[in-house]
Structures are given as C-alpha cells and as structure tokens.
Amino acid sequence: LIANIIMAAILVNFSLSIAGVFINFSNVLANFFNTKITANADPSVLAETVAGAFGPQRFTLGDADPIPPDPSEESNGLFQFSSALIMGLANLVFSIAFTAIATITVLTMAFMLLTRYLIISFLLVVAPLTWLFWVVPGMGSLHSKWWSKFIQWLFLSPGMSFFMYLGLVAAQAM
C-alpha cells in the first residue's frame, strides 16, 4: 500500500501532463481529418468546401432559356410552363430544406464540441483525485470510470471529423 501511495503522490503532480498527452493525440487525429476536409490548414474554407461538395445551388438553376413558352405557339406550352414552375418550386423547397438540415447539423456539432470542452475541463480538474482513488481500496472503480469517460469525450472530435470527411468525400464522388 505504501508503494501505491508514493506512486499516486507522484502521479497526482503529473496528472495534467499525462492527460495532456492524450488530449494532444486526439487533437492530432482531429486535425488530420480537418486538414483533409479543407485541403489546407485554413478552417475558414469549411463552408465553401461543404457547399462545393453538395452543391445545393444546382437545384435552383433553371434552363439556359428561362423565358416561359407562349401557349399560343405550342400545343402543350401551358403544360410545359406549369411543370417548369412546379419543378422550380420543388427545387427551391429542397434547397431551403437542405440548408436548414445542414445548419441544424453544424449547430449540433458545435454544441457537442462545446459540451466536450466543458466536460474535459471538469475531468481535468478532478484528475488528481482519480489517482488517489486508484490507491484507496474499494475506490478503484471510480478511477476506471474516470478514464473511460475521459477517453470517450476525447475521441468525440476525431470521430466527428472522420465522419464529416467521409461524408464530403462521398458527396464529391456523387
């Protein structure tokens, strides 16, 4: 028990450094996918990359000749005009829905990353206590629980970055 107490006393002093290694590792993974998404180290072009991959504006573009046909010149001109009008409205509704879904998704991701930051900050504050829990008999489960939560929240960002990259690659392939 004395050897464990001495080891815990040393680890308490280095708990933030130990956690910093894991945080840096998860940030390197997340930055790897983020730089693949933006094609450079500038994260400000993320919106441009997403819009270029999905291209919702292509649904609102009409034909090269936007002038509606004259019903007196064509036998089914009214039908063509009304179908073009309906298609234009459907494309507009689709673009609005796509933009709303994309906005909700990005806001949700931002909220999740903010939550991640707050929870990891709290876990870092209580990190020295977890090393003491490691020493005290019967409290080792709290030490294990802290590590599982810490790793879980650490790898949220690389996971989100990976799936965003995967989605953009799939959208660009279509």
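This is a predicted model: local features need pLDDT of at least 70, side-chain atom pairs count only at pLDDT 80 or more; totals for chains, interfaces and linings use all residues.
Phe163 is exposed, with a relative accessible area of 56%.

**Aromatic pairs**

- Searching the whole structure turns up 12 aromatic pairs.
- One of them joins Phe22 and Trp147 edge-to-face, at 5.2 Å centre to centre and with 65° between the planes.
- That pair bridges distant parts of the chain: Phe22 belongs to helix α2 (residues 15-38) and Trp147 to helix α6 (residues 140-154), 125 residues apart.
- The two partners fall into separate burial classes: Trp147 counts as buried because its relative accessibility is 18%, under the 20% limit, whereas Phe22, at 32%, counts as partly exposed.
- The rings of Phe162 and Phe163 have centres 5.0 Å apart and planes at 70°, so this pair is edge-to-face too; the angle qualifies because planes over 60 degrees apart count that way.

**Aromatic cluster**

- Phe22 and Trp147 also belong to a cluster linked by ring pairs, together with Trp131, Trp134, Trp146 and Phe150.

**Nonpolar surface patch**

- On the surface, a nonpolar patch is formed by Phe81, Leu85, Leu89, Leu92 and Ile96.
- Together these residues have about 470 Å² of accessible area.
- Phe81 has 36% relative accessibility, so it counts as partly exposed.

How values were computed. Residues are numbered from 1 along each chain as its sequence is written. Side-chain values use heavy atoms; hydrogens and water are left out. Patches are made of residues with over 30% relative accessible area and no salt bridge: like charges are joined within 9 Å, nonpolar side chains (Val, Leu, Ile, Met, Phe, Trp, Tyr) within 5 Å. Accessible areas come from the Shrake-Rupley method with a 1.4 Å probe; for residues, only the protein chains shown count as cover. A salt bridge is a side-chain nitrogen of Lys or Arg within 4 Å of a carboxyl oxygen of Asp or Glu. Buried means under 20% relative accessible area, exposed over 50%, partly exposed in between (1.4 Å probe, protein chains only). Rings of Phe, Tyr and Trp (its six-membered ring) pair if their centres lie within 6.5 Å; planes under 30 degrees apart count as stacked, over 60 as edge-to-face and the rest as tilted. Helices (H or I, at least four residues) and strands (E, at least two) are DSSP runs, numbered from the N terminus.
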